[in-house]
Amino acid sequence: MSESVVIVGGGIAGQAVCEALRERDPDAAITLVCGEVSAPYDRVRLSEILVSGEDPETLQLRPGEWYADHDVELLLGRWVTSVDTDDGRLELDDGAELTFDKLVLATGSQALMPPIAGIDLPGVHPFRGPQDCEAIRAAAAGGAQHAAVIGGGLLGLEAARGIAAQGCAVTVIHLLDRLMERQLDAGAASLLAPALAELDIAIEFDRNTTAIIGPEHATGLHFKGGDRLGADLVVVSVGIRPEVKLARAIGVECDRGIVVDDAMRTSIPGVLAVGECAQHRGLVYGLVAPIHDQARVAAATLVDVEAAYLGSVPSAKLKVAGIDLVCAGEAEGDQEAVVTDGAAGIYRKLATRNGRVVGAILLGNTRGSEALVAAVRSGEPIDDPLQALADASLAGPADLPDTAQICDCNGVCKGDLMAAVTEGGCSTPREVMAVTRAGTGCGSCRPAVIEIVAAAAGGLSDEPTYLCPCRKQTREQLAGRIRDDGLESVSDVANACGTGRECGVCKPALAYLVSEVKANRHQEERDARFINDRVHANIQKDGTFSVVPRMYGGVTTPDELRRIADVADKYHVPLVKVTGGQRLDLLGVRKQDLPAIWADLGMPSGHAYAKAVRTVKTCVGTEFCRFGLGDAIGLGIEMEKAWEGLHTPHKVKSGVSGCPRNCAEATIKDIGLVAVEGGWQVRAGGAAGGNVREADILATVETRAEALRVATTFLQYYRENADYKERTYDFIPRIGLQKIREIVLDEKIGAQLRERLQIAKAATKDPWLERDDPYHPRQFSDLDPPETADTAEPHLVGPPAGGER
């Protein structure tokens with residue numbers, strides 16, 4: 001009979017144990033107790049939302065439905081206050097009791113806040129959870145003059161980059177004479193500092209911070225020796241402190257962390273510990289990769305299968321845009337091979353000890369990193385480190401042994417990827433990533449996943465048309481269920497078909513499908529949309545947004561231009577740019593300013609952020625041009641107004657040229673109309689990106705009305721039949737030009753398609769009107785500020801807010 005297991009701590013470790021245990025025992029009664037009010041999320045990617053301001057929900061490890069589907073009781077916002085290991089009972093902060101046969105402590109760690117004066121001042125933040133990110137980002141973007149990051153380790157540098165991305169001056173304060181001293185040697189560190197300086201990140205070395213200057217708010221740092229640095233935003237990232245309060249209260253042996261043996265057992269029978277709270281052979285691991293190894297061993301122990309965790313070789317990747325850095329193992333050995341190019345910022349090193357690989361550092365050029373990290377982890381014997389370093393540049397992921405770990409975020413080895421193809425029936429990278437979850441964390445391993453899948457499958461086949469790879473459900477199958485069963489929302493489809501319940505990656509595609517099949521008369525669930533569609537603006541790499549108002553056919557007025565200029569001045573918009581689609585783009589807009597800017601503009605959304613009908617570019621046509629054969633401006637405006645607000649499988653850019661000189665570049669647009677002698681040429685499927693493609697001719701017609709009718713018919717056929725994220729220039733070759741012509745030009749079918757488009761169009765509205773009636777109260781604002789010491793609810797013992805880094 002399966003036992004009941006309670007896992008305390010809703011971080012990466014708790015989730016990893018939960019999944020590993022369920023894989024071993026389908027019948028175990030599993031309860032996951034999470035101190036936070038959100039389901040377990042990927043702490044590794046926190047720096048991404050610090051830069052972008054994206055919704056923390058995007059970090060969620062599994063969609064909420066996963067827990068119900070896998071029979072896991074998920075308790076959110078609950079804290080364990082006492083445990084009786086003899087009776088197998090524990091009490092929660094709300095007075096509820098849980099019984100268990102076995103208990104797993106995955107309580108993670110807290111940010112280490114040094115005991116210096118001023119550490120509790122307003123303006124001082126740890127870098128640990130989503131609310132910390134929101135507070136830091138809000139301060140950096142909202143007027144902070146200078147930020148200081150105390151700590152030059154991996155997390156500190158990522159925090160500094162996030163602050164710099166908001167346009168705030170930032171200085172990293174480091175106690176020692178080189179950055180990332182645990183991972184880098186002096187040579188690599190000497191090249192990393194100038195690379196960071198190019199990203200507007202200043203560094204001060206050999207600085208011992210003795211106090212944070214106040215008194216009401218942080219205003220600077222005081223260093224040993226008397227020097228000071230002005231800073232009204234201070235971020236502390238000097239390490240972690242394992243969360244052991246609950247373990248100590250239970251009576252479990254603790255040192256720095258919860259002491260565990262090779263089976264992840266603590267000193268009390270039936271109680272295990274995993275993750276950053278655990279101390280194994282004297283070590284506490286502060287990185288995510290060891291967690292999955294520990295979780296697999298813990299799951300085996302829970303079902304009485306013998307397994308041993310023998311420790312992990314730490315490896316790290318710096319997630320700072322513009323800097324490629326991978327390191328593993330020890331920075332130095334008794335024999336070392338180094339290849340460096342200081343001018344190019346390249347440093348490659350392989351270290352050995354007693355003839356075996358013990359460490360690798362790759363900065364600026366990370367070719368062969370998978371092979372070198374695998375060699376470090378296995379302690380591969382080599383005779384010539386320099387030759388091994390050179391050979392690694394030529395080796396690909398497909399050459400690695402099956403035991404080589406490819407995805408650190410989710411603990412996926414090459415053998416797992418191969419098995420998904422050879423045994424699991426997957427044939428494409430997308431399917432393999434959905435099944436194994438490799439590449440779904442930070443994403444840095446995706447190129448390796450693709451190469452390994454290609455090798456296992458004997459080449460890359462065309463991606464199948466699965467909308468949901470986890471369930472192998474196609475667009476057509478799901479569209480049929482939506483129509484036949486009257487499903488109104490993403491949640492309806494998920495409940496009826498299971499779509500999106502395993503990993504959630506397909507939810508944006510499903511959101512489009514529901515809206516398309518229901519002709520925009522559906523129940524909107526904005527959490528299934530991308531950030532752009534949630535705030536109706538295009539997010540930029542620094543987390544600000546782009547605002548592009550609608551200008552029909554590229555035509556504007558002096559009044560509109562004045563309003564745009566006034567908005568740019570009033571909201572200090574950093575850049576106003578004319579786009580390739582003949583529109584004006586206001587770049588660098590803060591999320592909280594979006595509603596007010598839309599109101600002041602008084603213009604509708606240009607949908608430049610969405611997979612939707614975007615611009616219709618026009619030439620002067622017959623209005624002024626002496627070569628014009630057709631009224632390009634008039635037809636372009638008519639097209640844009642007829643299609644405005646319609647979402648599509650991918651963005652649709654159009655153009656209308658008034659003569660074959662093609663000044664509006666209509667022949668390389670998704671939909672293009674060109675005036676010719678005696679009528680109009682209707683084209684579709686053009687491209688002007690990485691691969692230029694001339695649009696196919698659908699028909700040549702005599703009148704402007706006929707041209708618009710054919711183009712509209714094609715648009716609706718594309719909306720109903722293309723795969724999500726499939727551009728028109730891929731859609732037409734897949735379906736076949738002749739078949740598309742036959743459908744689009746058929747009078748009966750064409751009339752039905754246009755009628756469905758008109759029904760959908762009638763239900764559209766300008767999304768920028770949500771400035772007055774937001775979908776969600778915090779739609780255009782940040783999260784609630786984190787609790788302060790004065791307002792936080794007191795807890796005796798329990799898991800920290802989150803999980804492992």
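Predicted model: local features only at pLDDT ≥ 70, side-chain atom pairs only at ≥ 80, totals over all residues.
Buried area is the accessible area, taken with a 1.4 Å probe, that two parts lose on being put together, summed over both.

Residues are numbered from 1 along each chain as its sequence is written, and side-chain values use heavy atoms, with hydrogens and water left out.

Let's start with the domains, whose bounds come from an automatic or database domain assignment. Domain 1 covers 4–110 + 242–302, and domain 2 covers 124–238. The assignment also gives domain 3 (466–529), domain 4 (530–605 + 774–805) and domain 5 (621–765).

I'd like to look at domains 1 and 2 together. Their C-alpha centres lie 31 Å apart. How many residues of each are in contact? Counting heavy atoms within 4.5 Å as contact, 15 residues of domain 1 meet 14 residues of domain 2. Now back to our opening term: the area buried between these two domains is about 1200 Å², and carbon and sulfur atoms give 64% of that.

Next, the salt bridges, meaning a side-chain nitrogen of Lys or Arg within 4 Å of a carboxyl oxygen of Asp or Glu. The rule finds one across this interface.

Which elements give two or more residues to the side of domain 1 that touches domain 2? They are α2 (46–52) and β8 (109–111); helices (H or I, at least four residues) and strands (E, at least two) are DSSP runs, numbered from the N terminus. The largest share, six residues, comes from α2.

Most residues other than glycine have a negative phi, and most peptide bonds are trans. Yet the bond from G214 to P215 is cis, with omega near 10°, and P215 sits in the loop between β13 (209–213) and β14 (220–223).

Is each one buried (under 20% relative accessible area, 1.4 Å probe, protein chains only) or exposed (over 50%), with partly exposed in between? D304, in the loop between α8 (289–302) and β21 (315–317), is exposed at 64%. H536, in the loop between α17 (531–535) and β30 (538–539), is buried at 5%.
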